[in-house]
Protein chains: 2
Amino acid sequence: MTIKEVAEKFNMTNDTLRYYEKVGLIGPVKKNSSGIRDYSDNDLRRIEFIKCMRSAGLSIEILKKYVDLYAKGDSTKLERQHLLEEEQEKLEEKIKTMTDALDKLKYKIELYKTDKLDEYL
Amino acid sequence: MTIKEVAEKFNMTNDTLRYYEKVGLIGPVKKNSSGIRDYSDNDLRRIEFIKCMRSAGLSIEILKKYVDLYAKGDSTKLERQHLLEEEQEKLEEKIKTMTDALDKLKYKIELYKTDKLDEYL
DNA sequence: ATAGCATTTAGAGTCTAGTCTAAGTCAATA
DNA sequence: TATTGACTTAGACTAGACTCTAAATGCTAT
């Protein structure tokens, strides 16, 4: 699969795909005889995972750490698990923060709708 | 209330408070005879709101837009309401995205725990 | 075989949201 | 009175995550 096709499939840019490869999040992707990238199924699975985690706010740095641990093999399993568990916690907190903000936002919108707006801002 | 007290109360830095004022998110805050900021109760309520929305990911730009509309008075009520409703939608989508990612993360952790890890990454 | 578009690289530039620095003012304390 | 520490400003700097540019090369269609 070409970079363009992958970019379209996952709704990201060619630049971002090359960038992720440069920083070591994916690949190195195989290239054909004329130096053009040809993404494998496994590349695609990784990209999907990375994209999903990025969209949830996990940093490139932490994902890179995970990828590097994975590359080191089975001896890093427990460490990888702990890394993921930490990110899970952070993510849960973030979702809670956002849900609280959402509730406030809804409340404020309700004040607008019922014209009971007596607030600062 | 001094800038330091406000910063402590809301767990942010003096710099951020001055920055928010500079870009017009809050204030201008009253200053005493020697030029030192003295935050009013109303300032505090705004800061709390801004902080909450920022923590949910609303951009400075959009919050500035809202603040500016508010400053223009009652004629902008409906526009403000629509702005908030749009942000509500975006926020709901973001929470959904993050919840989906969280589920994947939990699933992967489960694979680690049960040692059924047969995955790419 | 020439045009025109896609791909490659290295490296520079951009955007957001702060964060830090320098130079100065002020009030309180030793 | 001298020093200390908090505050002020304007403006430079930073981090993170891309995004864009230039110059070279390759693929496809005419």
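**Close-up 1. The cysteines and the search for disulfides.** Across all chains of the structure, the search turns up 0 disulfides, a disulfide being a pair of cysteine sulfur atoms within 2.5 Å. Cys52(A) is buried, at 13% relative accessible area, and Cys52(B) is buried too, at 12%. Here buried means under 20% relative accessible area, exposed means over 50%, and partly exposed is in between, using a 1.4 Å probe and protein chains only. Please keep in mind that this is a predicted model, where local features need pLDDT of at least 70, side-chain atom pairs count only at pLDDT 80 or more, and totals for chains, interfaces and linings use all residues. To find your way, note that residues are numbered from 1 along each chain as its sequence is written, that chains are lettered from A and ligands numbered from 1 in the order in which they are written, and that side-chain values use heavy atoms, with hydrogens and water left out.

**Close-up 2. Helices H4 and H5 of chain B.** Two packed helices are described by the angle between their axes and the distance between the axes. In chain B, the axes of H4 (residues 60-72) and H5 (residues 77-113) come within 10 Å and cross at roughly 160°. Helices are DSSP runs of H or I with at least four residues, numbered from the N terminus. Each axis is a line fitted to C-alpha atoms over the stretch in contact, and angles run from 0 to 180 degrees between N-to-C directions. H4(B) and H5(B) are therefore roughly antiparallel to each other, a term for angles over 145 degrees. On the H4(B) side, the contact is made by Ile62(B), Lys65(B), Tyr66(B), Leu69(B) and Tyr70(B), and H5(B) brings Glu79(B), Arg80(B), Leu83(B), Leu84(B) and Glu87(B). Contact means heavy atoms within 4.5 Å. Sorted by kind, the residues of this contact are 6 nonpolar, no polar and 4 charged. In that sorting, Ala, Val, Leu, Ile, Met, Phe, Trp, Tyr, Cys and Pro count as nonpolar, Asp, Glu, Lys and Arg as charged, and the others, Gly among them, as polar.

Close-up 3. Where does Glu87(A) lie? Look for Glu87(A) in helix H5 (residues 77-113) of chain A. Glu87(A) is buried, with a relative accessible area of 5%. Leaving out residues up to four places away in sequence, Glu87(A) touches Leu58(A), Ile62(A) and Leu105(B).

**Close-up 4. A glycine in a loop of chain A.** Gly57(A) sits in the loop between helix H3 (41-55) and helix H4 (60-72) of chain A. Its relative accessibility of 39% makes Gly57(A) partly exposed. From Gly57(A) to Lys90(A) is 33 residues in sequence and 9.8 Å in space, C-alpha to C-alpha.

**Close-up 5. Backbone features to look out for.** Most residues other than glycine have a negative phi, and most peptide bonds are trans. Gly27(A) and Pro28(A) are joined by a cis peptide bond, with omega about 10°, and Pro28(A) belongs to the loop between helix H2 (14-22) and H3 of chain A. The bond from Gly27(B) to Pro28(B) is cis as well, with omega near 10°. Asn11(B), which is not a glycine, has a positive phi of about 55°. You will find Asn11(B) in the loop between helix H1 (3-9) and H2 of chain B, exposed at 64% relative accessible area. Asp115(B) is not a glycine and has a positive phi of about 55°; look for Asp115(B) in the segment after H5 of chain B.

Terms used:
Helix = DSSP H or I, 4+ residues; strand = E, 2+ residues; numbered from the N terminus. Parallel < 35°, antiparallel > 145°, perpendicular 65-115°, else oblique.
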